[in-house]
Amino acid sequence: MTTTDELPEHVRRNREQWDQWATEYVANGEVSWRLGPGDEKWGIWDLPERDLRLLPDDLAGLDTIELGCGTAYVSAWLARRGADPVGIDNSEQQLATARRLQVEHGIEFPLLHGNAEHVPYPDASFDLAISEYGASIWADPFLWIPEAARLLRPGGRLIFLVNATLLMLAMPDEERPATTELLRPQRGLHRLEWSDDDSVNFALSHGDWIRLLREAGFEIERLAELYPQPGAATDFPYVTTEWALQWPTEEVWVARKTG
Ligand SMILES: C[S@@+](CC[C@H](N)C(=O)[O-])C[C@H]1O[C@@H](n2cnc3c(N)ncnc32)[C@H](O)[C@@H]1O
């Protein structure tokens with residue numbers, strides 16, 4: 001059992017921050033849990049799964065793990081499509097919402113409180129690992145990507161949604177919208193600490209994502225760069241619709257474990 005003192009510094013800081021933020025994510029969790037197969041919506045622009053087709057066509061009987069599941073609506077979507085999900089999250093408060101929603105919807109699956117960089121499951125336990133703004137941006141990619149590779153069976157898929165690299169270069173901070181200037185170097189892009197809170201998140205250049213994924217034993221099947229539909233709005237202050245119609249705000253990587 002890892003005590004809070006033994007957690008890496010970024011995991012400890014993010015745990016404290018997400019335990020505080022959890023109440024702000026309850027409403028989105030409630031709405032997202034209600035979305036049935038074919039009606040799922042991704043990311044800050046609510047982009048329809050029907051258009052994006054991020055999920056495998058057939059999830060029946062697949063063992064899945066959601067890395068940084070938060071309120072666990074993505075795992076609920078997978079369960080409704082026939083998968084056997086497990087969720088892991090660093091915030092007990094986020095998991096409290098997930099557990100309540102499991103009971104309300106009658107969809108129950110294991111939820112673990114822990115760090116997705118070190119998951120207490122044996123090698124090759126899962127067919128699909130997925131993360132939507134979870135470990136994908138809040139955990140260190142040089143730790144969680146090899147951990148996802150360890151957890152997956154040969155041929156298993158990894159699907160993760162992150163902030164677009166370009167957005168990370170153009171955003172002053174989490175509270176002010178992205179500009180048309182490059183505000184930080186892409187070279188060495190990795191750990192980001194915004195000035196207005198105590199959280200730590202992570203981003204990589206495309207070249208570094210490709211190198212890391214390939215070194216971990218993945219072949220890359222798809223990089224989807226996401227744009228909103230015209231007229232879409234988001235409550236998040238760090239990007240405007242006008243910006244997001246011109247440059248990608250979000251990216252989804254789909255990779256398959258080889259061997
Ligand atoms: C924006 S939520 C994403 C989850 C889900 N899509 C949602 O919106 O509720 C980010 C989640 O990542 C979790 N998280 C941050 N660092 C983590 C880590 N190292 N391991 C597991 N979960 C982590 C946070 O606790 C938080 O619940």
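1. Leu158 in this predicted model touches Ala129, Trp144, Ile145, Ala148, Leu152, Leu213, Phe218, Trp253, Val254 and Ala255, leaving aside residues up to four places away in sequence. Leu158 is also named, with Leu67 and Trp144, among the residues with the most contacts inside the largest nonpolar core, which has 80 residues. Strand β7 (residues 152-163) supplies the largest share of this core, six residues. In soluble globular proteins, nonpolar side chains tend to be buried together.

2. Helix α7 spans residues 141-151, and its buried residues are Pro141, Trp144, Ile145, Glu147, Ala148, Ala149 and Leu151. Of these, Trp144, Ile145 and Ala148 are contacts of Leu158. A charged residue, Glu147, is in the buried set.

3. The N-terminal end of α7 is capped by Asp140. A side-chain oxygen of Asp140 lies 2.9 Å from the backbone nitrogen of Phe142.

4. The ligand has 18 residues around it, and those that come nearest are Asp89, Gln94, Asn115, Ala116 and Glu132. By class, the shell divides into seven nonpolar, nine polar and two charged residues.

5. A nitrogen atom of the ligand lies 2.9 Å from a backbone N or O atom of Ala116, and a ligand nitrogen is 3.2 Å from a backbone N or O atom of Asn90. On the side-chain part, an N or O atom of Gln94 is 2.9 Å from an oxygen atom of the ligand. The protein buries 97% of the 590 Å² that the ligand exposes when taken alone.

Methods:
Residues numbered from 1 in each chain as written. Predicted model: local features only at pLDDT ≥ 70, side-chain atom pairs only at ≥ 80, totals over all residues. Heavy atoms only, no water. Near = heavy atom within 4 Å. Polar contact = N/O pair within 3.5 Å; in protein donor to acceptor, adjacent residues only side chain to side chain. Areas by Shrake-Rupley, 256 points an atom, 1.4 Å probe, with all protein chains shown as cover. Core = buried A, V, L, I, M, F, W, Y, C linked by side-chain atoms within 4.5 Å. Buried < 20%, exposed > 50% of the residue type's maximum accessible area, 1.4 Å probe, protein only. Helix = DSSP H or I, 4+ residues; strand = E, 2+ residues; numbered from the N terminus. Contact = heavy atoms within 4.5 Å.
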